[in-house]
Amino acid sequence: MTGAPHRIVLVLQTAPVSEAAFEPVLRIARRTSARVEGVFVEDSRLLDIAALPSGRFIHAYSHETTSLDERVIRRALRVASGRVRQAFAARISDAAIPGGISARACASLSEAFGEATAGDLVVVPLRRDGSNIGQIAELVRAVTQRIAASLFVLNERGAPAGSILVLFDGDLDDLAAALDLAELLDCPARILAVADSAARSAELAEAARSGLAQLQRPAPIETLTWQDGAALDRAVRAAAPGTLVLDRTGDSARALDLASLLATSTMSLYLRN
């Protein structure tokens, strides 16, 4: 795989990782020999609030309030962490993939993975109920601006391995990496050449055709302009369920509302370093 990760960091939270989200991680790890590290992220803000003498908990059904007890919260997190860690350890053991498990108490995912490097692939499952979309949106912004790692947001409402949609901006390495990802996930790839003008989009499409010929890997190519936002949105959503692949620092990553796309569709997202 072009630009293959040396380490895959899978975010573990209180809800177990679904099979749909786990399988793409295992496929990439098997083909690239990358180590898979599970990181259980504890919300340090919750612990800080529990430590306050005035902290209160409202029961969902009775609506009664009780005092927050930091020791109880920490114990509950340990229990949840234990279940998730056990499931993760069993999964990578069954797959015979090297890995490890750790825990971090952080206020956000961007804080937890702020020191990730260019050889890392950070993988975050987007829960079916969308309850962690806020944390993911912040992490997406951080990756497009300052965190050097690649990011794979696995939408548990969809099928990340359904198809690969590449927004091509002229970088042939990005194109090759996206096609490699399609091969790893055993799914078809489609290319969108998007630019500020129809003429520039046509130039990008021709560059993509040339790149595909060099790589000897056919894929359909379409052209769009940034001005036709509705058509672009339809094209991206029409590829669902699947994975949208972008250069993390490219024009596409800055132009699209990636958080909204994740929240309102079944698409997954791969931001390549």
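Okay, some ground rules. The model is predicted, so to speak of local features we need pLDDT of at least 70, side-chain atom pairs count only at pLDDT 80 or more, and totals for chains, interfaces and linings use all residues. Residues are numbered from 1 along each chain as its sequence is written, and side-chain values use heavy atoms, with hydrogens and water left out.

Let's start with empty space. Rolling a probe the size of a water molecule over the atoms shows where empty space is left. Here that's done on a 1 Å grid over the protein atoms alone: a pocket is an open set of points with protein on both sides within 12 Å along at least five of seven lines, a cavity is a set where a 1.4 Å probe fits but cannot get out, and lining residues have an atom within 4 Å of a point. Points are joined across faces, edges and corners, and a volume is the space filled by probe spheres set on them.

The largest pocket holds about 240 Å³ of space. It has 18 lining residues, and Gln 13, Val 41, Asp 43, Arg 127 and Gln 135 are the ones nearest its centre. Two or more lining residues come from each of β2 (35-43), α2 (44-50) and α5 (133-145). Those labels are DSSP runs numbered from the N terminus: helices are H or I with at least four residues, strands are E with at least two. β2 gives the most, 4 residues. By class, the lining has 7 nonpolar, 7 polar and 4 charged residues; nonpolar is Ala, Val, Leu, Ile, Met, Phe, Trp, Tyr, Cys and Pro, charged is Asp, Glu, Lys and Arg, and the others, Gly among them, are polar.

Next, the second largest pocket, with about 190 Å³ of space. Which element supplies the largest share of its lining? That's α5, with 5 residues. α9 (251-255) and α10 (258-264) also supply at least two each.

β8 (164-168), α6 and β11 (243-247) each give two or more residues. No polar residues here: the lining is 6 nonpolar and 4 charged.

On to the helix pair. α6 (172-185) and α7 (198-215) pack at about 55°, with axes 10 Å apart; axes are lines fitted to C-alpha atoms over the stretch in contact, and angles run from 0 to 180 degrees between N-to-C directions. That makes α6 oblique to α7, because under 35 degrees is roughly parallel, over 145 roughly antiparallel, 65 to 115 roughly perpendicular, and the rest oblique. In contact (heavy atoms within 4.5 Å), Leu 172, Leu 175, Ala 176 and Leu 179 of α6 meet α7 residues including Ala 207, Gly 211 and Leu 215. The contact has 8 nonpolar residues, 1 polar and no charged.

Last, the backbone. Most residues other than glycine have a negative phi, and most peptide bonds are trans. Ala 96, though, has a positive phi near 55°, in the loop between α3 (70-94) and β5 (99-106). And Ala 240 and Pro 241 are joined by a cis peptide bond, omega about -5°; Pro 241 lies in the loop between α8 (229-238) and β11.
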